[in-house]
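The tour goes stop by stop, with something to select at each one.

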Amino acid sequence: ARAREREAGLGLRLRWMQIGLHHRRRVERFSAALPYLAAPHRAVTRQTGITLMPDIRWSKNLKVVVSLTDRRILSPDPYRPKKTKNVFITIKYKFQPDHFPGL
């Protein structure tokens, strides 16, 4: 298989939040047929998403990111989902050495 991928994104930093937008397009060409398909085929995947990261001023160690993505696949492959929507919530906390005085 061969694949081409294009991606574009845009970021915006506000006083209380960072916002990121992105769009990705991937075209895959399969040179041989898969075991369950009769002929070689191609698949086009479009993925659009937004990422929100609020500015938490009361804690410099805490980072919260909310990502929303919409993915659509155009393919004759019956095992690939035609559309998926995902929400990811990532929470990171960085511990400082002064939090653990015994170490």
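Start at the largest pocket. Select Gln-18, Met-53, Pro-54, Asp-55 and Ile-56, which lie nearest its centre among 14 lining residues. A pocket here is an open set of points on a 1 Å grid over the protein atoms alone, with protein on both sides within 12 Å along at least five of seven lines; lining residues have an atom within 4 Å of a point. Now colour β2, β3 (42-54) and β4, the elements that give two or more residues to this lining. Strands are DSSP runs (E, at least two residues), numbered from the N terminus. β4 gives the most, with 3 residues. The pocket volume is about 170 Å³, counted as the space filled by probe spheres set on grid points joined across faces, edges and corners. By class, the lining divides into 7 nonpolar, 2 polar and 5 charged residues. Ala, Val, Leu, Ile, Met, Phe, Trp, Tyr, Cys and Pro count as nonpolar, Asp, Glu, Lys and Arg as charged, and the others, Gly among them, as polar.

A word on the model: it is predicted, local features need pLDDT of at least 70, side-chain atom pairs count only at pLDDT 80 or more, and totals for chains, interfaces and linings use all residues. Residues are numbered from 1 along each chain as its sequence is written, and side-chain values use heavy atoms, with hydrogens and water left out.

Next, the strands. Select β3 and β4: they run antiparallel, joined by 9 bridges. Strands pair if DSSP finds at least two bridges between them. Then pick Arg-72 in β4. Arg-46 is its bridge partner, and Lys-83 in β5 stands opposite Arg-72.

Move to the loop between β4 (62-74) and β5 (83-93) and select Asp-77. Is Asp-77 buried or exposed? It counts as buried because its relative accessibility is 4%, and buried means under 20% relative accessible area with a 1.4 Å probe, protein chains only. Show its contacts, Leu-34, Tyr-36, Leu-37, His-41 and Lys-82, leaving out residues up to four places away in sequence. Contact means heavy atoms within 4.5 Å.

Last stop: the cavity. A search of the whole structure finds 1 cavity of 30 Å³ or more. A cavity is a set of points where a 1.4 Å probe fits but cannot get out. Select Arg-4, Glu-5, Arg-6, Arg-25, Arg-26 and Val-27 to see the lining of the largest cavity. About 40 Å³ of space lies inside. The lining has 1 nonpolar, no polar and 5 charged residues.

Notes. Helices (H or I, at least four residues) and strands (E, at least two) are DSSP runs, numbered from the N terminus. Buried means under 20% relative accessible area, exposed over 50%, partly exposed in between (1.4 Å probe, protein chains only).
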